[in-house]
Amino acid sequence: MSAIAKMPNGTRTLKSEPRRNDADTLAQEIVEKLTYAIGKTTDAARLHDWEYATALAVRDRIIDQWLTSNRQTRESGAKRVCYLSMEFLIGRLLRDAISNLGLTEQVREALGRYGVELDLVELLEPDAALGNGGLGRLAACFMESMASLGVPGFGYGIRYEHGFFRQEIVDGAQVELPETWLQHGNPWEIERQERSFEIGFGGKVTTVDDNGKPRFVWRPAERVLAVAYDTPVIGWRGAHANTLRLWGAQALDPILLDAFNSGDHVGALLESNRAEAITRVLYPADSHQAGQELRLRQEYFFSSASLQDIIRRHLALNDDLTNLADKVAIQLNDTHPAVSVAELMRLLVDVHGMDWDAAWTVTRETFSYTNHTLLPEALETWPVQLFERLLPRQMQIIYAINAQIIQGARSERDFSGEEIAAISLIDENNGRRVRMGQLAFVGSHTVNGVSGLHTELMKETVFHDLHKLYPDRIQNKTNGVTPRRWLFQSNPGLTDLVSDAIGEGFKDDFNRLGELDRFAEDASFRERFAAVKRVNKERLATLVEERLAISLDPDAIFDIQVKRIHEYKRQFLNIIEAVALYEQIRAHPEIDWTPRVKIFAGKAAPSYVQAKQIIHLAGDVSRVINSDPAVRNLLKVVFVPNYNVSLAEIIMPAADISEQISTAGLEASGTGNMKFALNGALTIGTLDGANVEMLEHLGEENIFIFGLKADEVAERRARGVGGQEAVSEQPLLRSALDSIASGVFSPDAPGRYASLVDAVRDRDWWMIAADFRAYWDTQRQLDALWTDRARWDEISVRNTARMAWFSADRTIGEYARDIWRAGPSR
Ligand code: 26W
């Protein structure tokens with residue numbers, strides 16, 4: 001037998017035979033890793049060692065498929081999708097990998113032979129938390145979905161040494177602690193020192209004569225190295241694997257020996273520290289301007305490295321760069337990689353000698369851009385001065401692009417001065433700033449929003465004038481979530497139940513989940529469905545008991561709001577409603593109140609004062625309500641610290657009610673809303689983001705919509721309607737606000753929440769007073785519904801059945817068809 005054997009699908013691997021997937025083989029391979037990669041015997045191995053060894057053994061199987069997929073993509077010449085994202089909020093990978101490979105039972109049995117429990121092993125893996133929230137998690141879902149659909153995809157991002165901070169609550173307040181996911185090594189990544197690129201900063205631009213034509217030469221004052229770390233991403237049933245390539249920064253000279261030898265031991269390492277700082281930590285800002293220089297360095301660093309890598313590969317397989325757009329589609333995940341537009345122009349024109357117009361065509365045909373937020377404070381702009389100092393050549397290029405666009409708008413479209421100012425890449429009103437949204441827009445062939453409403457609002461607001469100039473450029477691509485992680489893996493009980501009812505086919509063709517709909521009328525099915533939910537609620541209750549010593553009754557409604565803490569997401573509205581309910585329970589012991597548990601989790605940006613106050617308030621309210629005997633356990637409030645992907649995997653399947661209550665017009669899409677509903681939670685929500693499409697797919701009797709609509713919000717804001725009238729007209733709201741403001745929940749600091757409450761009474765910018773009444777009424781409607789369990793469960797089943805459209809596979813299919821013009825390579 002040859003040492004190199006051919007796999008059934010044609011791959012040559014070093015294994016002498018095709019891999020076997022039985023528990024014996026897996027046990028043997030895991031122990032081999034334990035022995036030779038970790039250097040431990042089965043007796044000496046700690047659980048951590050088993051986790052690492054299991055990951056390595058599983059990884060070998062992924063690598064087999066990875067090599068095959070890469071070869072197929074190369075040989076077929078299929079178009080590749082490069083997804084540039086500053087964030088990938090992946091979470092744990094072991095369970096995902098084992099499940100997608102279909103090896104869950106075999107691995108469980110293999111470890112079981114050594115008395116090791118797979119479930120415990122999985123818990124030891126740290127979350128890869130290289131993202132803040134929705135945008136980063138969407139990127140992770142998209143990577144999994146591209147792999148599952150066989151779309152040749154490449155994720156490009158940053159290998160942050162420290163991911164999203166760990167949240168602890170100390171004396172009621174959020175405290176941010178460093179996160180150290182790489183502390184025990186990362187079995188999934190493969191470092192590629194040979195795959196590294198120089199990234200420049202600062203310096204000067206000169207022109208040289210190039211056969212009679214001027215050519216710009218950028219001489220950066222500072223250079224760092226971007227080194228690739230690859231993680232294979234395996235799709236469903238292990239049929240295809242893609243690459244997530246994350247860049248780490250290194251100094252060109254690891255140590256300045258001259259300095260070291262002359263005794264300056266600290267100075268000898270300065271350069272390397274400065275370089276490595278670029279990828280040291282994820283900015284914890286979400287929808288909040290993070291305008292520091294290091295952030296711009298991070299953005300340029302990963303954009304340039306990714307583009308250099310894309311060009312290198314293209315030139316290895318093609319004669320020149322003119323056909324780049326036929327071979328790669330580059331998706332800009334928000335504006336964070338928008339500097340790529342200028343950088344690709346620089347690489348094409350200055351480095352590869354393409355003429356400007358040809359380069360501009362290639363650039364626009366290659367890029368597309370997704371916008372994820374309309375919040376003005378989250379739209380990235382950079383001071384021209386800073387940009388010029390850090391990226392002088394890219395700044396020149398931005399000016400040149402701007403001149404070209406403005407000239408076109410003037411001459412061909414007769415744009416007014418005001419309209420020109422609106423489309424300009426330079427904002428002249430705020431001390432001259434580069435607008436990254438505008439840059440991404442003009443440099444892309446397609447720009448998309450992430451839900452129907454959001455896309456329409458993009459056309460009317462931020463990109464009003466650019467949309468007028470390029471009316472065919474904006475498209476909608478409503479977000480989706482991967483059903484593998486958010487149903488199959490996180491809710492195996494429900495997955496098995498669905499399989500029993502409609503067969504296994506939905507796992508490969510998720511649209512078939514719709515066949516579950518008729519089981520909503522089947523009483524015995526509904527009971528089994530409710531029993532699964534009940535087990536999931538017990539699991540969450542156990543977690544809360546262990547972590548917070550608060551006991552929850554799994555028979556109460558679990559009413560859950562988990563997401564980043566932000567004023568527009570209106571956790572405050574939810575807390576005010578809890579306070580109002582608390583006061584009503586105390587005032588009316590004669591009423592048959594429906595028992596309810598309100599669960600919150602989420603992180604606040606470290607500098608976001610109001611968001612931190614909301615966390616503090618949730619804790620304060622929780623303490624008072626939970627310990628008040630007059631409440632008789634009819635209401636509990638819980639804030640679970642350190643929300644992350646792994647916690648979400650336990651929380652989503654355990655919800656009865658999903659809170660999606662943003663001020664209408666402000667949540668671009670939401671994706672938690674989809675995960676909850678897929679797992680059978682009933683949504684209480686505003687007509688915002690993808691809630692609108694959920695309403696269409698679920699039917700209005702299966703979702704609980706309340707409150708002002710986006711145009712009504714805009715109109716009230718324009719009229720300057722404040723909260724005074726609404727507060728005075730609503731005794732429940734008024735009393736709840738008075739209690740919060742007067743220190744009922746914060747006797748140690750009675751004035752703590754004065755400003756939070758005053759903002760509602762005065763400006764009511766987030767429409768809390770305006771929407772309170774409708775919110776309260778809808779909550780009571782849900783209370784009443786809970787007493788008719790057959791009806792509740794029927795709606796719950798229909799939610800699961802009708803959420804198939806919100807699979808990321810549908811979303812990725814649309815991107816591939818309408819934007820990337822790319823398909824499976826197989
Ligand atoms: C200041 C830097 C910054 C600005 C904006 C960092 C991060 C952002 C993101 C765009 C915020 C974000 O995550 N947006 C969310 O994207 C999700 C995926 O499309 C949507 O579902 C959410 O509605 C949207 O808030």
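Me: Which residues make the nonpolar surface patch of about 320 Å²?
Reply: In this predicted model, the patch is made by Ile 255, Leu 257, Phe 260 and Leu 269, where a patch takes residues with over 30% relative accessible area and no salt bridge, nonpolar side chains being joined within 5 Å. Local features need pLDDT of at least 70, side-chain atom pairs count only at pLDDT 80 or more, and totals for chains, interfaces and linings use all residues. Residues are numbered from 1 along each chain as its sequence is written, and side-chain values use heavy atoms, with hydrogens and water left out.

Me: Where is Phe 260, then?
Reply: Phe 260 lies in helix α7, residues 257-261, a helix being a DSSP run (H or I) of at least four residues, numbered from the N terminus.

Me: Switching topic, how do α11 and α12 cross?
Reply: The axes of α11 (residues 340-351) and α12 (residues 356-366) come within 9 Å and cross at roughly 135 degrees, and the two helices are therefore oblique to each other; oblique covers what is left after under 35 degrees (roughly parallel), over 145 (roughly antiparallel) and 65 to 115 (roughly perpendicular).

Terms used
Patch = residues over 30% accessible without salt bridge, like charges linked within 9 Å, V, L, I, M, F, W, Y side chains within 5 Å. Areas by Shrake-Rupley, 256 points an atom, 1.4 Å probe, with all protein chains shown as cover. Salt bridge = Lys/Arg side-chain N within 4 Å of Asp/Glu carboxyl O. Axes fitted to C-alpha atoms, helices over the stretch in contact; angles between N-to-C directions.
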